[in-house]
Amino acid sequence: MKDLIFSIINEIKSYFVPERLKYKITGSCKKCGKCCNYMYSFDTYTEKEFKVTQFFFPEYKRFYIKGKDEFGNLIFACKYVSPQGLCTIYDKRLKMCKKYPAKFIRYAGELHEGCGYKIEKKNFKDYLK
């Protein structure tokens with residue numbers, strides 16, 4: 001009886017556990033500059049918000065709004081990227097630039113076509129294999 005109750009409780013709990021995915025970044029940089037010329041921000045939605053961000057964080061003045069995508073999301077670019085795709089102030093780049101791309105991420109995004117990095121997705125079923 002005890003085992004039956006334990007099994008029922010675990011069955012009920014299993015419905016409340018979301019399937020978790022892990023993402024890992026592999027590969028290397030091809031130094032094309034695409035990531036620096038076509039960036040998104042996950043918390044800046046309007047030009048006014050971007051100006052406020054630049055006011056409080058002056059280091060973000062290196063970025064400018066390049067345009068919007070088909071969904072209306074702002075696209076940013078760095079003004080220190082050369083036409084060859086290299087950073088012209090490499091020694092003074094931001095921490096986020098030095099760490100890009102993070103080796104482990106919480107959510108999947110998309111990388112630019114031809115990027116040397118790849119996003120590997122692993123879910124629970126992959127671990128069972």
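Start by selecting Ile-5, which sits in helix α1 (residues 2-14). Helices here are DSSP runs of H or I with at least four residues, strands are runs of E with at least two, and both are numbered from the N terminus. This is a predicted model: local features need pLDDT of at least 70, side-chain atom pairs count only at pLDDT 80 or more, and totals for chains, interfaces and linings use all residues. Residues are numbered from 1 along each chain as its sequence is written, and side-chain values use heavy atoms, with hydrogens and water left out.

Stay on Ile-5. Its relative accessibility is 43%, so Ile-5 counts as partly exposed. The cut-offs: buried is under 20% relative accessible area, exposed is over 50%, and partly exposed is in between (1.4 Å probe, protein chains only).

Together with Ile-5 they form a nonpolar surface patch with about 610 Å² of accessible area. Patch members have over 30% relative accessible area and no salt bridge; like charges are joined within 9 Å, nonpolar side chains (Val, Leu, Ile, Met, Phe, Trp, Tyr) within 5 Å. A salt bridge is a side-chain nitrogen of Lys or Arg within 4 Å of a carboxyl oxygen of Asp or Glu. Areas come from the Shrake-Rupley method with a 1.4 Å probe; for residues, only the protein chains shown count as cover.

Zoom out to the protein chain. It has five helices and five strands. From the N terminus, the order is α-β-α-α-β-β-α-β-β-α. Of its 129 residues, 19% are buried. The accessible surface is about 11,000 Å², and 59% of that belongs to carbon and sulfur atoms.

Next, the inside. Select Met-39, Phe-50, Phe-63, Leu-74, Phe-76, Cys-78, Val-81 and Leu-94: these eight residues are the largest nonpolar core. Strand β3 (residues 74-78) gives the largest share of this core, three residues. A core is a set of buried Ala, Val, Leu, Ile, Met, Phe, Trp, Tyr and Cys residues joined through side-chain atoms within 4.5 Å.

Pick Phe-50 and Phe-76. Phe-50 is buried, at 6% relative accessible area. Phe-76 is buried too, at 5%. The structure holds five aromatic pairs. Phe-50 and Phe-76 form a tilted one, 4.7 Å centre to centre with 45 degrees between the planes. Phe-50 lies in helix α3 and Phe-76 in strand β3, so the pair ties together parts 26 residues apart in sequence. Rings of Phe, Tyr and Trp (its six-membered ring) pair if their centres lie within 6.5 Å; planes under 30 degrees apart are stacked, over 60 edge-to-face, the rest tilted.

Show what surrounds Phe-50. Beyond its neighbours within four places in sequence, Phe-50 contacts Thr-44, Tyr-60, Phe-63, Tyr-64, Ile-65 and Phe-76. Contact means heavy atoms within 4.5 Å. Then select Phe-57, Tyr-60 and Phe-63, which form one aromatic cluster.

Move to the loops. Lys-31 lies between β1 (21-27) and α2 (34-37). Lys-31 has a positive phi of about 55 degrees, although it is not a glycine. Lys-31 counts as exposed, at 52% relative accessibility.

Last stop: Pro-101, in the loop between α4 (95-99) and β4 (104-105). A cis peptide bond joins Tyr-100 and Pro-101, with omega about -20 degrees. For context, most residues other than glycine have a negative phi, and most peptide bonds are trans.
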